[in-house]
Amino acid sequence: MRGYVGCLMAKQPNASPVIIKRKKIIQAGGHHGGAWKVAYADFVTAMMAFFMLMWLLNATTEKQRKGLADYFNPTIPINRVSGGGEGFFGGDSVFSEEAFSQSGTGASVARPTEENRARGANRISEGDGTGGEGADEAIKEVEKALLARGGESMTMEQALRHIVTKITDEGLVIEIFDLEDAALFEPDSATPAPVLDEIAELLAEVLNLASNKVAVQGHVRSYPITLIRNPVWDLSADRADVMRRKLEGAGLPGARLQRMAGFADRVPATDNPMATRNNRLEVILLRRDR
């Protein structure tokens, strides 16, 4: 046989030699790589972000949460409610005018007509009572002082949960409303809850930073039409009167109170007229020309 194989190899001098490889398999029970560490780190980061979110939701007011939401909202520049700016950030808004040539303090032509002249959507002339540069500075100071009270104490935080502010043509509107878990008054009555005393003291303190007149308005939710006697008018007026007396008792001079009114359920704050959110009081720091 060997002679036969040697004869074949002699006849095929260019034939490649046959190489046989044997793999040596090593059984090892060591590490399985670092992928689990990356996954664990991502999990810990996600949990930290989750608890930070829970803390922010508990530690901020409704107005502050809206500001945070608007910050991360990519539609802020064209949002009719929250878009645009004021003060140092006053800029053009796509809703200020149909034509940009009319949106400033200039004019589109040398002698514009009433229709074509600039209306000053971003810069309000003094004395028009709508805000901008001509807005009452005292109103801005009061709003700033009120918002700055957040974080002082847990009691203050609980009181501020009921409060939102907005500046309108009438002045600074401080809205105090019922929460699902915390009402301002006993159900269907004008008997105030303890939190209303905290709110009245806070408002009297910040309102005394200005000398503008003050108005108090009461609103309540709608009741079923099956009631024999609908209490909405009396209840809204009585609650407004309670707030007026508490503001005076907390140090707000009575001479500054311009008016007090009850609006029943005629101006709901939500689409659902029977929602708890419609139970609210409005304390308005009026502009000086009102």
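View 1. The model is a predicted one, in which local features need pLDDT of at least 70 and side-chain atom pairs count only at pLDDT 80 or more, while totals for chains, interfaces and linings use all residues. Residues are numbered from 1 along each chain as its sequence is written, and side-chain values use heavy atoms, with hydrogens and water left out. The protein has seven helices and five strands, and along the sequence these follow the pattern α-α-α-α-α-β-β-α-β-α-β-β. Helices (H or I, at least four residues) and strands (E, at least two) are DSSP runs, numbered from the N terminus. Of the 290 residues of the protein, 31% count as buried, where buried means under 20% relative accessible area, exposed means over 50%, and partly exposed lies in between (1.4 Å probe, protein chains only).

View 2. Leu57 lies in helix α2, which covers residues 35-59, and Leu57 counts as partly exposed because its relative accessibility is 44%.

**View 3. The largest nonpolar core has 35 residues.** A nonpolar core is a set of buried Ala, Val, Leu, Ile, Met, Phe, Trp, Tyr and Cys residues joined through side-chain atoms within 4.5 Å. The residues with the most contacts inside this core are Ile174, Ile176, Ile199, Leu203, Leu207, Met243 and Val283. At least two residues of the core are supplied by each of α4 (137-147), α5 (154-160), β2 (171-177), α6 (194-207), β3 (214-219), α7 (232-249) and β5 (280-286), and the largest share, nine residues, comes from α6. Leaving aside its neighbours within four places in sequence, Ile174 is in contact (heavy atoms within 4.5 Å) with Leu146, Ile163, Val164, Thr165, Leu203, Leu207, Leu281, Glu282 and Val283. A second, separate core of five residues includes Val220, Val232, Leu235 and Ala264.

**View 4. Asp178 lies in the loop between β2 and α6.** Asp178 counts as buried because its relative accessibility is 8%. A polar atom of the Asp178 side chain lies 2.8 Å from the backbone nitrogen of Leu184. When neighbours within four places in sequence are left aside, the residues in contact with Asp178 are His162, Ala183, Leu184, Phe185, Thr276, Arg277 and Asn279. Asp178 and Arg280 are 102 residues apart in sequence, and their C-alpha atoms are 6.2 Å apart in space.

**View 5. Asn278 is found in the loop between β4 (257-262) and β5.** Asn278 is buried, because its relative accessible area is 0%. A polar atom of its side chain lies 2.6 Å from the backbone nitrogen of Ala269. Not counting residues up to four places away in sequence, Asn278 touches His219, Val220, Arg221, Pro268, Ala269, Thr270, Asn272 and Pro273.

**View 6. A search of the whole structure finds 13 salt bridges.** A salt bridge is a side-chain nitrogen of Lys or Arg within 4 Å of a carboxyl oxygen of Asp or Glu. One of them joins the side chains of Arg259 and Glu170 (2.0 Å, N to O), and this pair links distant parts of the chain, with Arg259 in strand β4 and Glu170 in the loop between β1 (163-167) and β2, 89 residues apart. Arg259 counts as partly exposed at 33% relative accessibility, and Glu170 counts as partly exposed at 25%. Another salt bridge is formed by the side chains of Asp197 and Lys246 (2.5 Å, N to O), a pair that links helix α6, where Asp197 lies, to helix α7, where Lys246 lies, across 49 residues of the chain.

**View 7. Asp265 forms a salt bridge with Arg266, the closest N and O atoms being 2.4 Å apart.** Asp265 is buried, with a relative accessible area of 16%, whereas Arg266 is exposed, with a relative accessible area of 53%. Elsewhere, salt bridges that share partners join Glu175, Arg277, Arg280 and Glu282 into one network.

Methods
Polar contact = N/O pair within 3.5 Å; in protein donor to acceptor, adjacent residues only side chain to side chain.
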